[in-house]
Amino acid sequence: NALDEDGLPLVYDKDLIEQYWRKERGALNKRWSYFVGKAVPFLTRLVGLFIADGKIEEKHIPSLSEQARIDLQDLGPTFIKAGQMMSVRPDVLPQATLEELEKLQDSVEAFDTSIAVQQIERELGGPLGQFFTSISEEPIAAASLAQVYLATLNDGNNTKVAVKVQRPEVLSTVSKDLYVLRRAAEVFQGLVERFAPQQKTNYVALLNEWAIGFYTELDFENEARNQITLRNMLREKNIQNVTVPKVYDELCTRRILVSEFMEGKKLSDCTYEEIGKVTPMAQEAFLTQLFEVGFFHAGKCIAMFS
């Protein structure tokens, strides 16, 4: 039941979140209106095409997918995260939609570096130079919840590190969005039960399960602990050619994560030959986590060497 400085729960609790935002009715109504303003036109177009043709024709999918991606991007971190999650679901969405949603992986707009520096200094309790001798002027990566800077530790060894800085007020934004989405899911569930009773999926329960995991991602101290656990596990099990960047946990807080910097490239940018080399390594690490250890970490911090 721990709360942040504004009174929001640090662990997902739908009742505490609802209790908080019911007191902030003006901000909640504004967010709900913005959500509806994005959702209704898109759904109206979708239904209109379905009524006209009896299905969604292939020719309409690219433009619908582009509009969905733009709307998700405009709606902010929570919806971008949902889009990123769906971008790896070829079992659910057509290829054109997957390709459009993949753009959410790299096209998130960064926030100002001066704000990031203020966040770092506030979280670590001192001036930037006390901890780092240098930091990149611009982020080297920007995601839905945070952005990353390349920095040099003030340790006398010029150690390069990646500094992950959480977006300002992201807990407030995400908790508000999860409340809005839960209300929308309740409305949708009611429509499904009335007009398609044969559909047995509990969409409210599905949303709650996703919300628990997503909310946990806002705690970088938890992420640091998991990263350390996985790093130690790989070493103990003598997993070759797979590593996890070292975490400098004395510099980590709920909003800041500092870890070893590693050069690399995305798997999607690799050749088929490169993918073929690293696949057995990834399989060994995956199966060891799943069957031997019972601890699975699906983060982006894993590096593989051919």
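Predicted model: local features only at pLDDT ≥ 70, side-chain atom pairs only at ≥ 80, totals over all residues.

Biologist: Why is G126 called buried?

Modeller: Buried means under 20% relative accessible area. G126 has a relative accessible area of 13%, so G126 is buried. This glycine is found in the loop between α6 (113–124) and β1 (132–135). Leaving aside neighbours within four places in sequence, G126 is in contact with E121 and F131.

Biologist: What makes R255 and E5 a salt bridge?

Modeller: The term requires a side-chain nitrogen of Lys or Arg within 4 Å of a carboxyl oxygen of Asp or Glu. The closest N and O atoms of R255 and E5 are 2.8 Å apart, so the pair meets that limit. In general, side chains of opposite charge can pair when their charged atoms come close.

Biologist: How do you know that this pair links distant parts of the chain?

Modeller: R255 is in the loop between β5 (242–243) and β6, whereas E5 is in the segment before α1, and the two are 250 residues apart. E5, E123 and R255 are also linked in a network of salt bridges.

Biologist: Is R255 buried or exposed? And what of E5, buried or exposed?

Modeller: R255 has 15% relative accessibility and therefore counts as buried, the limit being under 20%. E5 has 60%, and since exposed means over 50%, E5 counts as exposed.

Biologist: How many salt bridges does the structure hold?

Modeller: The structure holds 15 salt bridges. One of them is formed by K38 with D74, whose closest N and O atoms are 2.9 Å apart. K38 lies in helix α2 and D74 in helix α3 (residues 61–75), so this pair ties together parts that are 36 residues apart in sequence.

Biologist: Why are the buried residues of α1 said to line one face of the helix?

Modeller: In helix α1 (residues 14–23), I17, Y20 and W21 are buried. Seen down the axis of α1, the buried residues fall within an arc of 90°, so they line one face. On the other side of α1, Q19 and K23 are exposed. The buried residues of α1 pack against α2 (25–53), α7 (170–195) and α8 (203–216).

Biologist: Which residue places a side-chain oxygen at the start of α1?

Modeller: A side-chain oxygen of D13 reaches to within 3.0 Å of the backbone nitrogen of D15.

Biologist: Which strand is joined to β4 by 5 bridges?

Modeller: Strand β6 (residues 256–260) is joined to β4 by 5 bridges, and these strands also run antiparallel. The bridge partner of V161 in β6 is E260.

Biologist: Why is β4 described as mostly covered?

Modeller: Strand β4 (residues 160–166) has 7 residues, and 5 of them are buried.

Biologist: How do you know that Q147 is buried, and what surrounds this residue?

Modeller: Q147, in strand β3, has 0% relative accessibility and therefore counts as buried. Not counting residues up to four places away in sequence, Q147 touches several residues, among them P139, V163 and R167.

Biologist: What makes the approach of Q147 to Y149 a polar contact?

Modeller: A polar contact needs a pair of N or O atoms within 3.5 Å. The side chains of Q147 and Y149 are joined at 2.7 Å, so the distance is inside the limit.

Note on methods
Residues numbered from 1 in each chain as written. Heavy atoms only, no water. Buried < 20%, exposed > 50% of the residue type's maximum accessible area, 1.4 Å probe, protein only. Helix = DSSP H or I, 4+ residues; strand = E, 2+ residues; numbered from the N terminus. Arc of directions from axis to C-beta. Contact = heavy atoms within 4.5 Å. Polar contact = N/O pair within 3.5 Å; in protein donor to acceptor, adjacent residues only side chain to side chain. Pairing = 2+ DSSP bridges.
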